[in-house]
Amino acid sequence: MSVKILMVCLGNICRSPLAEGILASKLPNDKFFVDSAGTGSWHVGHSPDRRSIATAKKNGLDITNQKGRQFSRSDFDSFDYIFVMDSSNLRDVIHLAQNDTQKEKVQLVLDAIFPNENVDVPDPYYGTANGFDMVYQMLDDACEVIAQRLIAKHR
């Protein structure tokens, strides 16, 4: 049985697809499954933003086959860990939780490198092209720590 990790952002086209691709590349796929979702429904069925695809490709990752989907209550049962990109996503996901066990699965992704500081991954959608590079680097740093912890915990 594999350990299941979900990355969540607002629309599931910029940050969480990058986070999914980055973390999946750092974990053995026979033991871990990584997916992503958005709290909103605007991009269900859509591919990631072209700028996310380009940034991933520049860093040796292919996220072109990902499709946007909306976070649902059933994700609490399906996933062991839920990483959210910002405090707004955290609030929205926690709001759907039905008990403390579900709430305990949810954490800010950047807590891995900035513990207890509540640092958000900025949404690069309306920013400049280099915003995607900055987001990639933040997520890569956080996912490296997360991957090491997950591998150590689930040997």
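I start with Asp 49, which counts as buried, at 11% relative accessibility. Keep in mind that this is a predicted model. Where is the place of Asp 49? Asp 49 sits in the loop between E2 and helix H2, and that helix covers 50-58. Setting aside its neighbours within four places in sequence, Asp 49 is in contact with Ile 13, Cys 14, Tyr 125 and Phe 132.

Now the sheet. The sheet is open and has four strands, in the order E2-E1-E3-E4, with parallel pairing. At the edges are strand E2, residues 32-38, and strand E4, residues 106-108, each of which pairs on one side only. On average, neighbouring strands of this sheet are turned by 25 degrees against each other, direction ignored.

Which residue in E3 is the bridge partner of Ile 5? That partner is Tyr 81. As background, strands of a sheet pair through backbone hydrogen bonds, either parallel or antiparallel. Helix H4, residues 87-96, lies across E1, E3 and E4, and runs at about 170 degrees to E4.

Next, the nonpolar cores. The largest has 29 residues, and the ones that touch the most other members are Ile 5, Met 7, Leu 23, Val 109 and Leu 139. Two or more residues of this core come from each of E1, helix H1 (15-26), E2, E3 and H6. Which element gives the most? The answer is H6, with eight residues.

Take Val 109 from that list. Beyond its neighbours within four places in sequence, Val 109 is in contact with Met 7, Phe 83, Val 84, Met 85, Val 121, Leu 139, Ala 142 and Ile 146. Another core, of 12 residues, lies apart from the largest one, and its members include Val 8, Ala 37, Ile 82 and Leu 108.

Last, Tyr 136. This tyrosine is found in helix H6, which spans residues 129-153. Is Tyr 136 buried or exposed? Its relative accessible area is 7%, so Tyr 136 is buried. Apart from neighbours within four places in sequence, Tyr 136 is in contact with Leu 18, Ile 22, Thr 55, Ala 56, Asn 59 and Leu 61. Between Tyr 136 and His 154 there are 26 Å in space, C-alpha to C-alpha, and the two are 18 residues apart in sequence.

Terms used. Residues are numbered from 1 along each chain as its sequence is written. This is a predicted model: local features need pLDDT of at least 70, side-chain atom pairs count only at pLDDT 80 or more; totals for chains, interfaces and linings use all residues. Side-chain values use heavy atoms; hydrogens and water are left out. Two strands pair if DSSP finds at least two bridges between them. Axes are lines fitted to C-alpha atoms, for helices over the stretch in contact, and angles run from 0 to 180 degrees between N-to-C directions. Contact means heavy atoms within 4.5 Å. Buried means under 20% relative accessible area, exposed over 50%, partly exposed in between (1.4 Å probe, protein chains only). A nonpolar core is a set of buried Ala, Val, Leu, Ile, Met, Phe, Trp, Tyr and Cys residues joined through side-chain atoms within 4.5 Å.
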